[in-house]
Amino acid sequence: MDAQRALLDELMGAARDLTDEERRGFKEIKWDDREVCAFYMVRFCPHDLFVNTKSDLGACSRIHDPKLKESFENSPRHDSYVPKFEAELVQFCEKLVNDLDRKVRRGRERLAQEVEPPPPPTLSSEKAQQLSVLEEKIKNLLEQVEALGEDGKVDEAEALMRKVEALNVEKAVLLQRPNDKALAMVHEKKMALCEVCGSFLVANDAVDRAQSHVTGKQHVGYGMVRDFLAEQKTVKDKGKEEERLGRGKESDDKRKPRESESRRSGSRERERHRDRDRDRHRDRGRDHRKPNDRRSRSGREGRDRSRSRSPHGRSGHRRVSRSPVRQY
């Protein structure tokens, strides 16, 4: 029946059976209305975790409706609203845990303080006189025990030592403080502090009582809150790391073209240096060859002049006389 009603509400609206007059004052609640608890929609509402405990937050002032939560989970806008609702829940839970941590610190400091014994009570004049008499008797008996021991009278010395022990018991009774028993009970029941929920526990308590605490509403509730905050912190840190890696990759992508251009410009610059070096070597080679050329030219000119001054003429060949041709 409820399933059929929910189906009709979804198809025809919750105001399908209302009259026109009733419809005028009717407002249909949707999951994104301000009256609806965003904490309940996205995860859990802290107000529901500590009911009837020392940490009870009271009833939530907003609407908790499973149908609205189901509508939110099936909505196409679900993924876009989850981060917003989770951020609001994180802010609320952080305040809750910060208040609890302050309480835990105060409790830890309280447990760290050692129970200082009160100063010894002032003895009355009567007890002071009795104490003085007892101490004098004990002193005299100890001197007698020492003398008997030197004389070898062991039995007599042991008898006197028993009297000394009895007098010491009387002395302790006179000096006993009335609250010694209470202090002993405090040390027997040493307290411990739960770091999760801030509750005080009896150290080394029975297993069933310790288990009852661990499964209690307050411990489970604060455990859920702390787990949620730890999960959100992990997600946030992961997102920051991915963003950092993305920025690094983007800067690498931008740096690669610059490095490539730098390598190309460097290569061109090296080519220009090599060209200048080749030109300098070529010019230096010409400078070295010029004196040799002058010497070779001067040598040729000298030889030419010597040939021109020789008696055989410029051609340098001896003139051959032709003999008359005989005619037959």
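At 37% relative accessibility, D237 is partly exposed. The side chains of D237 and K233 meet at 3.0 Å, N to O. This is a predicted model.

Both D237 and K233 belong to helix 10, residues 217–309. They sit four residues apart, about one turn of the helix.

| Salt bridge | Distance, N to O |
|---|---|
| D237 and K233 | 3.0 Å |
| E241 and R244 | 2.5 Å |
| D32 and R77 | 3.1 Å |

**A bridge across loops**

What does the bridge between D32 and R77 tie together? D32 lies in the loop between helix 2 (20–24) and helix 3 (38–42). R77 lies in the loop between helix 4 (66–74) and helix 5 (78–112). The pair therefore ties together parts that are 45 residues apart in sequence. D32 is partly exposed, with a relative accessible area of 31%. R77 is partly exposed too, at 35%.

E241 is partly exposed at 37% relative accessibility. R244 is partly exposed as well, with a relative accessible area of 44%. Elsewhere, salt bridges that share partners join R43, E86 and E231 into one network.

Definitions and conventions:
Residues are numbered from 1 along each chain as its sequence is written. This is a predicted model: local features need pLDDT of at least 70, side-chain atom pairs count only at pLDDT 80 or more; totals for chains, interfaces and linings use all residues. Side-chain values use heavy atoms; hydrogens and water are left out. A salt bridge is a side-chain nitrogen of Lys or Arg within 4 Å of a carboxyl oxygen of Asp or Glu. Helices (H or I, at least four residues) and strands (E, at least two) are DSSP runs, numbered from the N terminus. Buried means under 20% relative accessible area, exposed over 50%, partly exposed in between (1.4 Å probe, protein chains only).
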